[in-house]
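Dear colleague,

I am handing over the structure below, and my notes on what was found in it follow directly after.

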Amino acid sequence: MRVGILTGGGDCPGLNAVIRGVVRTGIRRYDHEHVGIRHGWRGLFERDVIPLDQDRVSGILPLGGTMLRSSRTNPYSRDGGPEEVLAAAKDLGIDALVAIGGEDTLGVADKLYKDYAFPVVGVPKTIDNDLSGTDVTFGFWTAVQIAVDAIDRLHTTADSHDRIIVVEVMGRHAGWIALESGIAGGAHVILLPERPTTVDRVAELLNQRLERGKEFAIVVVSEGVQFEGTSSSADDLDEFGHVKLADAGVATFLADRLKTMTGKDCRAVVLGHIQRGGSPLAFDRSLATRFGVHAAEMVAGGLFGRMAAVRGADILDVPLAEAVGTLKTVPPERFEEKNPFIG
Ligand code: F6P
C-alpha cells in the first residue's frame, strides 16, 4: 500500500513527530510505502511529493515546523479542485492519505470522504486547541509554555517600569491559549473571545488593582477578542475565508485606550508566530507520536473518514465529521472557575 501524508494550515510543534510515527509504524508493521506531499493540498495540484522512508524521518522527532511544508490551499475554493485531488492521488499511486491539520484541512478531508469515498484519515493539529472530538491537540501545550515564558519575562520588566503590558496571544476563535497561559503566567486580566467584555470593564479591573497599591499589571488577550472600535480588514482573507488576525492588533488597540483610562504607561506585545515555532514539549512529542502510530493503524484497518483522537489517557478514533462540525471553545464553567482574573 502506498500512503500519502500531508500537513495543512498553520504549522504546529509536533507535526514532524506525527509524520515519523506514521512512517515508522507503516513500514515496520505493514510494509507500507510512503510519500510526503509538500505544502498541504497544494502539493497534490502541483504533484510535488517526496519519498519518505525510515532514514528520511530519522532525527525529526524534536524538530518544530513541518518537513513537508504547509499551505492554506483549499481544494474546494477552486473550480474542479476536489476532482483534481482525486486525479493527483491516482497519478501518484496513492492508495490512502493521512491528512494532518486543523478544522480547515480536516474539513476538506471530511468532504472528500463524504463526496467521493476518498480513503483519508485525519490527525488533529492546532496550537489553538479548538478541535472537537479530541480532548487536546498536539502543539497546544508547547504554545502555552512559550506564552508563559514570555509572560514571566514581561512581569519583571512591567514591574520595573510601573507599566501595564497587554500581551496578545494566538487563538482565532477560541481562547484556550489565553486562558491557560494567563492562569499559569499569573496574568491580572485574561480576555477571551468567548466572553465579550468592554474596554471600560478592563480599565475598571486594572484601576482596582492600582488602587490596592500595585503599580504594574499584565493583561493577556486572545487575538480573536473584538471590542467596539477594533476592525479586521475583510480584504485580507485566506482561502478558507479567515481574516489574518495577527495584523488586526487588538493588543495595540487596548494598550492605547488603557493609557488614558488608567493613567499608566501601557505597552502592547504581540507574541504571534513565536508561539508556533521551535521544538515541541515532551507532552506534545509523545501525543503526536501516538497519533501518528494510530493513524498508520487506521490506514491498515481501512478506518477512513475518521480522525485519531485522545480521550483521557487513551488514543482512539472518531468520525472526521465530529471533529469539524463545531469548534471546541472555552465553556462558561471554565471562565467562572477563574472569575476574578477574567475581564
Ligand atoms: O490556526 C492556528 C493559528 O495559529 C491561529 O491562532 C492564527 O490566527 C493563525 O493560525 C495565523 O495563521 P497564519 O500564520 O496563516 O497567519
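Phenylalanine 291 has a relative accessible area of 0% and is therefore buried (buried means under 20% relative accessible area, exposed over 50%, and partly exposed in between, with a 1.4 Å probe and protein chains only). This is a predicted model, in which local features need pLDDT of at least 70 and side-chain atom pairs count only at pLDDT 80 or more, while totals for chains, interfaces and linings use all residues. Residues are numbered from 1 along each chain as its sequence is written, and side-chain values use heavy atoms, with hydrogens and water left out.

The structure holds 3 aromatic pairs (rings of Phe, Tyr and Trp, the last by its six-membered ring, pair if their centres lie within 6.5 Å; planes under 30 degrees apart count as stacked, over 60 as edge-to-face and the rest as tilted). One of them joins phenylalanine 138 to phenylalanine 291 edge-to-face, at 6.4 Å centre to centre and with 65° between the planes. These two residues are 153 apart in the chain, phenylalanine 138 lying in the loop between β5 and α5 and phenylalanine 291 in helix α9 (residues 282–301), where helices (H or I, at least four residues) and strands (E, at least two) are DSSP runs numbered from the N terminus. Phenylalanine 138 is likewise buried, at 0% relative accessibility.

Phenylalanine 140 and tryptophan 141 also form an edge-to-face pair, 5.0 Å centre to centre with 65° between the planes; phenylalanine 140 is buried at 1% relative accessibility, whereas tryptophan 141, at 31%, is partly exposed.
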